Structure formats: structure tokens, C-alpha cells
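Please look over the model below before reading on. The paragraphs after it go through selected features one at a time.

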Amino acid sequence: MSKGTLTRQAILDHALDLATEVGLEGLSIGRLADDLHLSKSGLFAHFGSKEALQVQVLEAASARFVELVLKPSLSASRGEPRLRSLFEHWLRWPKTCGLRGGCLFVAVATELDDRPGPARDRLVQIQKDWLDHLAHAAHIATAEGHFRPDADPAQFAHELYGIMLVGHHVGRLLRDPESERRTRTAFESLLFRFRKEPPCPN
């Protein structure tokens, strides 16, 4: 790996960590240059603009999420076991991601929701792709006979996403020690509603 590639990766790693606390808009070329002992011009040359840096930070977060949440879950059996694995890895993500402010996607969602531009576009696409992945996993659960034939995969994805968001909010902002237990309870309730009913005894 070249020195330039290593420097670029060091910049992205630090910017990603910092963005979870100050937001994407809070990232400045000057701050990053000072923190990493680089010249502003040298740092700017790696990205070309603050906007490009913001997009690359989102890409770095997405790649880390894939490695820590998505890929490990693929070793689980298709259907409900894989959904459970996705849930478990996603639940641990704010800690396993190694970022001081937890999940970047939650941290910058409010910041970007009304701010048009490449960073918002990329965040929206990342989140839509994740919802699609969850819906596809739910669809497979139906195909495997774990969920009801009439189960709506998109609705499952929507509700699971909501469970995880409120769990993150209650856990990190409210510091509620019951957050994880309640999140698990909500997930089990969701599975129960979508699960294929066992056959009635004769």
C-alpha cells in the first residue's frame, strides 16, 4: 500500500470518528490537518473539496457497517436465523464500530435531512439499500416457511428499522439501562407477529 493511500485512509478514519461527534458539516480541512499534522493543501489534495470528503466519510462508514454487520450475518441459515444474526450484529454496531460517537448514520440523519447535496444523496441511498436488504431477508424468511405467506417484507423492514432507531436513542441519549432489553423484547414481538403460525393440533 502506497504512502498516499495510507495517508488517505488515516484521514478518513479520523474524519469518520470525528464526524460522529461534530457532524459532517463540522469537519473542516483545517481541523483535520491540525489533528493529523498535515498541511491543508496536502489534505485538500486527497479529496478536492469538503463535499467530496463528506461523501467519502459516508462511504467509509458504509464499508465498515458491511464488514461488521452484514457479512457476519451471512453465515447464519437463511430465513429467521439470518434475521436474528442481522439484528444481533446491528444491535452491537454502535460499540463494535469503534467510533466515539456511535453510529454515524444516526448522528448525521437530522443534519442532512433538509440539506440537499451529494452527502444527503449518498446517505439516503445507503439507508434505502439497507432497508431493501432487510426486506429481502424477510422475503426469504417467508420463502423458507418461517414467516406467514402474506407477510409484507417492506413493513417488516420498516418496523425493525424503527425498533433499532428508538433503541439507539433511548440507549445513547437517555442512557436508559433497560434499552437493550426493551429492544430485544420489541424484536421478538415483531418476529412473533410475522412468524408463520404453527399447525393447529388435531
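This is a predicted model: local features need pLDDT of at least 70, side-chain atom pairs count only at pLDDT 80 or more; totals for chains, interfaces and linings use all residues.

Residues are numbered from 1 along each chain as its sequence is written, and side-chain values use heavy atoms, with hydrogens and water left out.

Start with Leu27, which sits in the loop between α1 (3-22) and α2 (29-36). Helices here are DSSP runs of H or I with at least four residues, numbered from the N terminus. Leu27 has a relative accessible area of 0% and is buried (buried is under 20%, exposed over 50%, partly exposed in between, with a 1.4 Å probe and protein chains only). Leaving aside residues up to four places away in sequence, Leu27 touches Ala15, Leu18, Ala19, Val22, Lys50 and Val57; contact means heavy atoms within 4.5 Å. Ala15 is 12 residues from Leu27 in sequence, and their C-alpha atoms are 7.0 Å apart.

Turn next to the pockets. A pocket is an open set of points on a 1 Å grid over the protein atoms alone, where a 1.4 Å probe fits and protein lies on both sides within 12 Å along at least five of seven lines; lining residues have an atom within 4 Å of a point. The largest pocket holds about 810 Å³ of space, a volume being the space filled by probe spheres set on the points. Its lining has 34 residues, and those closest to its centre are Trp90, Leu91, Trp93, Pro94 and His168. α8 gives the largest share of this lining, 7 residues.

The second largest pocket contains about 220 Å³. Its lining includes Thr20, Cys103, His168 and Arg172. Here too α8 supplies the largest share, 4 residues.

Side chains of opposite charge can pair when their charged atoms come close. With a salt bridge taken as a side-chain nitrogen of Lys or Arg within 4 Å of a carboxyl oxygen of Asp or Glu, the count is 19. One of them joins Arg195 and Glu80 at 3.1 Å, N to O. Arg195 lies in the segment after α9 and Glu80 in helix α5, so this pair ties together parts 115 residues apart in sequence. Arg195 is partly exposed at 26%, whereas Glu80 is buried at 12%.

Another salt bridge links Glu180 and Arg184, with the closest N and O atoms 3.1 Å apart. These two are 4 residues apart in helix α9, which means a separation of about one helical turn.
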